[in-house]
Amino acid sequence: MSKSRQAGDSIKIRTFAVTFNSGWIIPPHSDDWDQLIYATRGVMSVHTNSGSWVVPGHRAVWVPARIHYSVDMSGIVSMRTLYVAAGLSPSLPRTCCTVNVSPLLRELILHAVRLGPLDAKIPSQSHLISVIVDQLRILPAIPLQISMPVDARAQRVAKMLREDPGDERPLAQIAKCNGASARTIERIFRAETQMSFGRWRQRLRILHSLKLLALGESVTEVALELGYKSPSAFIAMFKGELGTTPGSYFHPPRADATFNAPIRDPGSPSAGS
């Protein structure tokens, strides 16, 4: 029986709140509900067959219903998830995306977590459901995702760089190791990821840097690990991509003690919490 039938047709939003230890992995699965997976601290990486999305603290990833995905944690991660009944609004995204969470939506998430399942038959909760959906419709997407190529040669290149994002070798050398020319790999990346190879590699480094910074590494350590000649070069790249410095990016917009739930074994997350 689906979760929506178990919950009753009037339950439109459910919540899940837990704090995960660093390194915890939620194995691949799918759900019958749309989800807004929100990180209040730490960094989550969400993986699907088509790509990966990195979610730093105070950001979220939108995962539509029935998309197969997994999540791994970098640093201690406080997760607050909204499960939204699939089809509740046709204007909600139908693909995964990483989004900035406004102060208003952050408070709405907190309030929903305190209330538990939101029932459309209860007038006050019906109004809250409408406000949350309105906020979800206007979430600003942010460039914290990376698509994976389908071609086997380009996949080998992508896998090699994901295992060592600081690899400084030129594309021609990397491509040759994988049985292709630089021109061929460049063409495949543009066609299958909508990015040039250089742009894809820079995005990969940005996403990897977020994980390292969340684990407590200094900006200097991260810059050197990713192959930058100086911290200032890394900071300039980071600011160009995300609009702010690494230090400012990880500074929480405001502290909220209600987010700091004790760490526990979360088991298998479900929309039933």
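The structure is a predicted model. The protein chain contains 10 helices and nine strands. Of its 273 residues, 50% count as buried.

**Overall picture**

- Among the contacts in the protein chain with a separation of 6 or more, 74% are between residues 24 or more positions apart.
- The protein chain has an accessible surface of about 12500 Å². Carbon and sulfur atoms account for 54% of that surface.

- Strand 5 covers residues 59-63, and five of its five residues are buried, so the strand is largely enclosed by the rest of the structure.
- In a regular strand, side chains alternate between the two faces of the sheet.
- In strand 5, R59, V61 and V63 point one way, while A60 and W62 point the other way. Residues on both sides of the strand are buried.
- Strand 3 (residues 33-47) and strand 5 run antiparallel and are joined by five bridges.
- Strand 7 (residues 97-100) is also antiparallel to strand 5, with four bridges between them.
- W62 of strand 5 is the bridge partner of L36, and W62 also has C97 in strand 7 as a bridge partner.

**V77 in strand 6**

- V77 lies in strand 6, which spans residues 69-85.
- The relative accessible area of V77 is 0%, and a residue counts as buried under 20%, so V77 is buried.

**The largest nonpolar core**

- The largest nonpolar core has 35 residues. The residues with the most contacts inside this core are I185, F189, W200, L210, F234 and F238.
- At least two residues of this core come from each of helix 4 (152-163), helix 5 (171-177), helix 6 (182-193), helix 7 (197-214), helix 8 (219-225) and helix 9 (231-242).
- Helix 7 gives the most to the core, with eight residues.
- F234 is in contact with S209, V219, V222, A223, L226, Y228 and P246, leaving aside its neighbours within four places in sequence.

Notes:
Residues are numbered from 1 along each chain as its sequence is written. This is a predicted model: local features need pLDDT of at least 70, side-chain atom pairs count only at pLDDT 80 or more; totals for chains, interfaces and linings use all residues. Side-chain values use heavy atoms; hydrogens and water are left out. Buried means under 20% relative accessible area, exposed over 50%, partly exposed in between (1.4 Å probe, protein chains only). Two strands pair if DSSP finds at least two bridges between them. A nonpolar core is a set of buried Ala, Val, Leu, Ile, Met, Phe, Trp, Tyr and Cys residues joined through side-chain atoms within 4.5 Å. Contact means heavy atoms within 4.5 Å. Accessible areas come from the Shrake-Rupley method with a 1.4 Å probe; for residues, only the protein chains shown count as cover.
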